[in-house]
Protein chains: 2
Amino acid sequence: MVGGVRARDLAQDLPTVSPDDSALTATRLIAARRLPGIAVVDAGGRPVAVLPASQVLRSVVPGYVQEDPALARVMDEAGAERLCVDNLAGERVGDLLPSSRHRVELAAVDGDATVLECAAVMARLRSPLLVVVDDGRVRGLLTAAHLLEVLLPAEDVDTVDQAASAK
Amino acid sequence: MVGGVRARDLAQDLPTVSPDDSALTATRLIAARRLPGIAVVDAGGRPVAVLPASQVLRSVVPGYVQEDPALARVMDEAGAERLCVDNLAGERVGDLLPSSRHRVELAAVDGDATVLECAAVMARLRSPLLVVVDDGRVRGLLTAAHLLEVLLPAEDVDTVDQAASAK
């Protein structure tokens, strides 16, 4: 196939972090820009992992609060922030990653990948984020919603309710 | 606790679909607005499930393409769209949901829930989306990144690289 949209044309240029960066700083970066997640890269710019925001949230909230959400009902925002900051204190980004034994295949494609190739890899690996790699270095990220938008270009979606109820 | 930010103050008012809606129309809705996902509600407005965009992507891309992404390399965008549209033809939103045997607990909170309560439920259920319910009806959705933003209010995040390399 010649021409056509490729992964590198779609990749969002989002910030990356290294495994040695502070986990709290990386989390604040995701929070401040409301990122869907962040790519973790080694010193050479090669992708190590992708950390979805939902996975970061699991590391931020202490386990005993996850097990008993009612505990969280009595805590105001300042208390919640203190709790989460304390919970991440001293942690590195590398500590947020699954141990190598449990690590899953990295959802990554070459910059040349077609739209359908990107979608196939994300779908197979059940990843909400895809890393686009050019010449061994991270070029950017793609979200599932963005890929759906490219796969299924806009039609008149305001008729969703009517279309459904007419059937 | 009196006052403070509650789930209902944070919930994004996103479109919802019913299990009987066309799967293709629902997918186009997620695509056109680049939604992180969509809440599935019954006729009474009660939440049935939450469908993250990544899960929808799994239903959109045919299984044989997921298993062999190289197949997708030879297909241009028009071909990819046809393939996905054909794959969803005749399907309902209900067909995209896991079977009731495999269905996981719905990530949902009451509108009164505190920020930390929302985070705890999402973290425990590993859900990238949380449904906020008021009086039994869906009020809106919350993403993990949005919750992180509220949990960890902005500081100077431009110093991430310096902070990390200084250690």
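B:Arg34 counts as partly exposed because its relative accessibility is 37%, where buried means under 20% relative accessible area, exposed over 50%, and partly exposed in between (1.4 Å probe, protein chains only). This residue is found in the loop between H2 and S2 of chain B, and B:Arg34 has a positive phi of about 45° although it is not a glycine. Its side chain meets that of A:Glu149 in a salt bridge, 2.6 Å from N to O; the term stands for a side-chain nitrogen of Lys or Arg within 4 Å of a carboxyl oxygen of Asp or Glu.

A word on the ground rules. This is a predicted model, in which local features need pLDDT of at least 70 and side-chain atom pairs count only at pLDDT 80 or more, while totals for chains, interfaces and linings use all residues. Residues are numbered from 1 along each chain as its sequence is written, chains are lettered from A and ligands numbered from 1 in the order in which they are written, and side-chain values use heavy atoms, with hydrogens and water left out.

Let us turn to the interface. Here 69 residues of chain B are in contact (heavy atoms within 4.5 Å) with 69 residues of chain A. About 6400 Å² is buried between the two chains, and carbon and sulfur atoms give 68% of that area; buried area is the accessible area (1.4 Å probe) that two parts lose on being put together, summed over both. The count of salt bridges between chain B and chain A is 4. On the side of chain B that touches chain A, several helices each supply at least two residues, among them H2 (23-32), H3 (53-60) and H7 (115-125). The largest share, 9 residues, comes from H7(B). Helices here are DSSP runs (H or I, at least four residues) and strands are runs of E (at least two), numbered from the N terminus.

Of its 11 residues, 9 are buried, so the helix is largely enclosed by the rest of the structure. The buried residues include B:Val115, B:Cys118 and B:Met122. H7(B) is followed by B:Arg126, with a positive phi near 50°.

| Residue | Relative accessibility | Class |
|---|---|---|
| A:Ser54 | 17% | buried |
| A:Val56 | 1% | buried |

A:Ser54 sits in helix H3 (residues 53-60) of chain A. Leaving aside residues up to four places away in sequence, A:Ser54 touches B:Ser127, B:Pro128 and B:Ala144. With the same exclusion, A:Val56 touches A:Thr27, A:Ile30, A:Leu51 and B:Leu148. A:Val56 and A:Ala23 are 33 residues apart in sequence and 9.0 Å apart in space, C-alpha to C-alpha.

Back in chain B, there is an open sheet of 3 strands in the order S1-S2-S3, with mixed pairing; two strands pair if DSSP finds at least two bridges between them. S1 (16-17) and S3 (47-52) stand at the edges with a single partner strand each, so one side of each is left without a neighbour in the sheet. S2 (residues 37-41) and S3(B) run antiparallel and are joined by 5 bridges. Within this part of the fold, B:Ile38 stands opposite B:Leu51 in S3(B).

One further loop residue deserves mention. B:Asp135 lies in the loop between S5 (129-134) and S6 (137-143) of chain B. Its phi is near 50°, a positive value in a residue other than glycine, and at 79% relative accessibility B:Asp135 counts as exposed. Most residues other than glycine have a negative phi.
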